[in-house]
Amino acid sequence: MANEMTNFKDAVPTIVDFTAELQALRRFQRGEAIGGDMGIADLLTKIVTKAAPRLEVIERLHKRYKREYVPILHERVVSDPMDIDNRLDNDFFSAIVDEKSGYFAGNPMTFSFDEKEQKAAELFEDFKTRVRLDDINYETTKNCAIGGYDGRLIYIKNEIVGYDSAGPI
């Protein structure tokens with residue numbers, strides 16, 4: 001654990017491109033073949049394998065944000081243990097992330113609908129309250145500030161948001 005963050009910048013992989021995998025997932029949603037002999041389990045395994053190096057870096061950055069591992073605390077070279085060291089032991093990573101997130105997402109997003117779409121506005125407001133959308137948006141912003149990446153899977157059951165078998169109500 002002593003050199004966990006050593007050469008940190010060298011270890012950061014480039015942003016992972018999931019374009020081909022997302023296109024395959026869209027084909028799967030439409031009921032088409034994904035491609036080749038690949039099934040949905042193979043596609044998901046490919047996505048997880050492709051994302052693994054980036055996720056390791058993000059996990060280290062989250063440890064740094066939570067102050068579980070701060071490089072300045074663990075990587076100081078002390079020539080004489082009896083010398084007094086008056087330097088600060090804060091690398092300000094958490095403070096900077098909180099400041100950026102607060103600036104970007106401090107005021108919740110607003111959504112507007114046409115006057116004709118009053119039913120949709122009411123349904124969306126109910127959905128927004130029920131799932132705590134403002135909190136989720138802030139957490140997503142904070143995770144992006146920490147690791148440079150975050151994703152959300154949005155799944156809505158049709159019967160909850162006002163759909164029936166014939167379409168939108």
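I take "partly exposed" to mean a relative accessible area between the limits for buried, under 20%, and exposed, over 50%. By that rule Lys-46, at 40% relative accessibility, counts as partly exposed. I note at the outset that the model is predicted.

Entry: salt bridges overall. I looked up how many salt bridges the structure holds, and the number is six.

Entry: Glu-21 and Lys-46. These two residues form a salt bridge, and their closest N and O atoms lie 3.7 Å apart. Glu-21 belongs to helix H2 (residues 19-29) and Lys-46 to helix H3 (residues 40-65), so the bridge ties together parts that are 25 residues apart in sequence.

Entry: Glu-21 and Lys-50. I found that Glu-21 also meets the side chain of Lys-50 in a salt bridge, at 3.1 Å from N to O. I recorded Glu-21, Lys-46 and Lys-50 as linked in a network of salt bridges.

Entry: Is Glu-21 buried or exposed? Its relative accessibility is 2%, and because the limit for buried is under 20%, Glu-21 counts as buried. Lys-50 has a relative accessible area of 34% and is partly exposed.

Entry: Asp-135 and Arg-132. I then looked up this pair, which forms a salt bridge with the closest N and O atoms 3.4 Å apart. Asp-135 is partly exposed, at 43% relative accessible area. Arg-132, at 52% relative accessibility, counts as exposed, because the cut-off for exposed is over 50%.

Definitions and conventions: Residues numbered from 1 in each chain as written. Predicted model: local features only at pLDDT ≥ 70, side-chain atom pairs only at ≥ 80, totals over all residues. Heavy atoms only, no water. Salt bridge = Lys/Arg side-chain N within 4 Å of Asp/Glu carboxyl O. Helix = DSSP H or I, 4+ residues; strand = E, 2+ residues; numbered from the N terminus. Buried < 20%, exposed > 50% of the residue type's maximum accessible area, 1.4 Å probe, protein only.
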